[in-house]
Amino acid sequence: MPARAPLLRTALLAAALLTACGTTPEPAAPAAAPTAASPAPKAPKTLGGPGTACVLPVSFSLAEDWRPEAIDDPEDPEFAALTRQGPAIVRCEVDAKRAGNIGFIRVWTAKGPARPALEGFVRAAKKTSDVVYRDTRAGGLPAVEVTYTFHNEVLGESKEERAFAVATPQGAVILHLGGLDTEEHRAMLPAYELAKSSLRLS
């Protein structure tokens with residue numbers, strides 16, 4: 001212990017000098033107040049289940065500001081030219097206008113398996129080209145998807161379109177994305193992909 005005595009005396013002397021000069025350790029800065037947690041992002045709204053705008057054999061998530069509306073009496077033969085396309089009958093229309101785009105995702109139902117229903121749907125559109133079908137998945141369900149070019153004779157323009165179909169116990173369901181033109185169609189693809197990836201049976 002003698003070897004430590006000089007060190008101890010030196011330390012005590014230094015402390016006394018600091019106290020005599022009025023130098024004292026500064027108090028530690030108070031810890032920053034915790035900031036309020038960022039609000040959790042809102043879960044996407046869903047469509048298709050009971051109590052939603054359109055009750056369908058499937059449910060899926062809607063992109064923000066897309067507005068769904070059920071089609072009134074779609075099986076009325078008087079309006080077949082507007083509500084039918086090949087074997088399919090339109091049941092619901094999801095409008096992108098409030099999201100800043102001109103176009104819709106339309107939901108159609110048809111009897112029978114998914115692929116024949118989708119093929120009949122595209123054939124009935126007429127004036128189509130570059131039609132490509134591929135097997136895919138929609139949520140956890142097997143699906144078939146089609147991309148094609150549709151020529152609008154009234155406007156004299158062609159535009160990209162796409163759709164996918166799944167089989168349900170009530171028959172085939174087709175989700176179709178159109179758009180005013182190809183630019184609008186491509187701008188709306190994220191909403192279409194959200195619907196496709198989140199799709200499930202109702």
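Start by selecting isoleucine 89: its bridge partner is threonine 109 in strand 6. Strands here are DSSP runs of E with at least two residues, helices are runs of H or I with at least four, and both are numbered from the N terminus.

A quick word on what you're looking at: this is a predicted model, where local features need pLDDT of at least 70, side-chain atom pairs count only at pLDDT 80 or more, and totals for chains, interfaces and linings use all residues. Residues are numbered from 1 along each chain as its sequence is written, and side-chain values use heavy atoms, with hydrogens and water left out.

**Next stop: the neighbouring strands.** Select residues 88–95, which form strand 5, and see how strand 5 pairs with strand 6 in the antiparallel sense over 6 bridges.

How many residues of strand 6 are buried? The count is 5 of 7, so strand 6 is largely enclosed by the rest of the structure. Buried means under 20% relative accessible area, exposed over 50%, and partly exposed in between, using a 1.4 Å probe and protein chains only.

**Now zoom in on isoleucine 105.** You'll find isoleucine 105 in strand 6, standing opposite leucine 177 in strand 10. Isoleucine 105 is buried, with a relative accessible area of 3%. Leaving aside neighbours within four places in sequence, its contacts (heavy atoms within 4.5 Å) include Trp66, Val94, His176 and Tyr192.

**Last stop: the largest pocket.** A pocket is an open set of points on a 1 Å grid over the protein atoms alone, with protein on both sides within 12 Å along at least five of seven lines; lining residues have an atom within 4 Å of a point. The largest one has a volume of about 410 Å³, where volume is the space filled by probe spheres set on the points, joined across faces, edges and corners. Select Gln85, Arg106, Phe150, Glu161 and His176: of the 21 lining residues, these are the closest to the pocket's centre. Strand 6 (104–110) turns up here too, among the elements that each supply at least two residues of the lining.

Finally, zoom out to the protein chain, with its 5 helices and 11 strands.

How values were computed: 1 Å grid on protein atoms, 1.4 Å probe; cavity = no way out; pocket = protein on both sides within 12 Å on 5 of 7 lines; lining within 4 Å. Pairing = 2+ DSSP bridges.
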